[in-house]
Amino acid sequence: MLVVVSLFAGCKKDFLDRMPQGQYTTENYPYPGGSGPYDTYLMGAYSELRSFDVHSQSFICATSIRSDDAEKGSDPADGGANAIQMDNFPVSPDNGFANSLWKGYFNFVNKCNIALDQIKNNAAIEATPEIKTQAEAEAKFLRGYAYFNLVRFFGRVPLVDSVFSNSVSESNVPQSSAAAIYTLIESDLQFAAANLPPSWDAKFVGRATMGAANGLLAKVYLTQQKWGPAMATASLVINSGQYSLISYDTEFREQGENSMESVFEVQATATAAIPNDIGVQYAQIQGIRGAGAWNLGWGWNTPSPDLANNAYEPGDPRKTRTILFTSTSDTTYKTIYGEDIPVGLTNPMYNNKVYTNPAMRASIGNLSGYWFNVRILRYADVLLMYAEAANETGNPAEALAKLEMVRARARAGNNAILPPVTTTDQALLRDAIRHERRVELAMEHDRFFDLVRWGIAGDRLQAVGKTSFNESRDVLLPIPQTQIDLSKGVLTQNPGY
């Protein structure tokens, strides 16, 4: 019996119209052109995307709370030193959240390597060469994604491309340079892009596609300032015909999951019978912290005053779709579903992109949003990556065209707001694209990495009061001391720690 196959079933139909849990049926297996014989191992790797150590508390801290877009939120002492360090710097080598990320992502890597080992070496599994290649492509896509986050979190990390039986630290695998890690990531994603399908049958929506591999590869190139390859690779996604922009409001509702704008998402679900065990805690951690019916989560990752007060142009509707304001004695705010938000919640603002449908909460009998997908890569992000790379390679017309696609969608027919950007001056257009990335992708876990790759993290974070941020140290997390100790000193610490 194969487990959790249905977690990656799609929701382009009714969200609760799920395939039977934990089994193949005559309808979903064998899947023509799929990689069914290896799905036990592939789904083991996919399931790590939902792990608490991969896409929940520590991930939110390291990618969003460290940036100028967000603050820790919740009660001041909630999360203790682990959380406070992520918000205000420096992060100490004994920080539990940094260690959680290390363990979670290397466990994820190992699950990918187990799948690759079975595909290559298990002669008892019968499969055509085409099926084997496609299964290998899925596993390499997932490994490429895992390593991309690891190298952005920690810089030098062990390069492990085979199965390890204990922790990677105890296996005494030394660190490789960031350049060597990027070489592996590029190789994995290039293979995935060449061998994954453009789309999957609706039964398997959520599995990695050619577009997901090319989109992620474009971001890998962009991070290294490989502008030409980034532009060319993003263009493959744009020209594929698989993606389009949908309503900004709809995109962040349950009904917008796996939409035409989705390039890759972490799949999650829940039912009344199983409200917690087959989902992800991502939305719960960021949900409104209150009482009774308004106790929707932990209240972490709240929008910063700088994001609320300084980032958006007048009238930009993305502001209220991103920031959920707590009502005050003078102003009553409503949720996207028309509910009056109460006065006196723990924080003045919350992440509105993870606000769950009250009808879903009622039908499942759970307030925490375990069913809410995690958006990893959207088509709007790909368009803005293309625009940035085009501007850097001296193609302002191409940059302006893709930038306008994103702004036009946000404008939603209201020509009184968000006027088209017209400058062809490279420096001014660079600033406009950077601004657009911030407001379009706010609270979506790209901002800190964008600041780092642009070389402006120190200036920006200092400007919003994170005065302990040191650009020569804090662009990377420390190598967890626990892992250095397990390796008996084979692993070495990052500079400044």
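Helix α16 is followed by Ala412, a residue with a positive phi, near 55°. The model is predicted, so local features require pLDDT of at least 70 and side-chain atom pairs count only at pLDDT 80 or more, whereas totals for chains, interfaces and linings use all residues. Residues are numbered from 1 along each chain as its sequence is written, and side-chain values use heavy atoms, with hydrogens and water left out. Helices (H or I, at least four residues) and strands (E, at least two) are DSSP runs, numbered from the N terminus.

The helix that precedes Ala412 has 16 residues and reaches 21 Å from its first C-alpha to its last, close to the 22 Å expected at 1.5 Å a residue; the expected span is 1.5 Å times one less than the number of residues. Buried residues of α16 are Ala399, Leu400, Lys402, Leu403, Val406, Arg407, Arg409, Ala410 and Arg411, where buried means under 20% relative accessible area, exposed over 50%, and partly exposed in between (1.4 Å probe, protein chains only). Their cover includes α9 (227–238), α10 (248–251), α13 (318–322), β8 (374–378), α15 (379–392) and α17.

The pairing with α17 can be described in detail. The axes of α16 (residues 396–411) and α17 (residues 426–440) come within 11 Å and cross at roughly 30°. Helix α16 is therefore roughly parallel to α17. Axes here are lines fitted to C-alpha atoms, for helices over the stretch in contact, and angles run from 0 to 180 degrees between N-to-C directions. Angles under 35 degrees count as roughly parallel, over 145 as roughly antiparallel, 65 to 115 as roughly perpendicular and the rest as oblique. The crossing of α16 and α17 is left-handed, that is, the near helix is turned anticlockwise from the far one by less than a right angle. On the α16 side, Pro396, Ala399, Leu400, Leu403, Val406, Arg407 and Arg409 meet Leu429, Ala432, Ile433, His435, Glu436 and Glu440 of α17, contact meaning heavy atoms within 4.5 Å. The residues of this contact comprise 8 nonpolar, 1 polar and 4 charged; Ala, Val, Leu, Ile, Met, Phe, Trp, Tyr, Cys and Pro count as nonpolar, Asp, Glu, Lys and Arg as charged, and the others, Gly among them, as polar.

Helix α8 (residues 210–223) and α9 pack at an angle of about 160°, with their axes 8 Å apart. Helix α8 is thus roughly antiparallel to α9. Gly211, Asn214, Gly215, Leu217, Ala218, Tyr221 and Leu222 of α8 make the contact with Trp227, Pro229, Ala230, Thr233, Ala234, Leu236 and Val237 of α9. By class, this contact has 10 nonpolar, 4 polar and no charged residues.

Helix α1 (residues 39–47) is largely enclosed by the rest of the structure, because 7 of its 9 residues are buried. These are Asp39, Leu42, Met43, Gly44, Ala45, Tyr46 and Ser47, and what covers them includes α5 (96–121) and α6 (129–154).

The loop between β2 (157–158) and β3 (175–176) contains Val168, which counts as buried at 2% relative accessibility. Beyond residues up to four places away in sequence, Val168 touches Trp102, Phe106, Pro158, Val160 and Val173. Val173 also lies in the loop between β2 and β3, but is partly exposed, with a relative accessible area of 21%.
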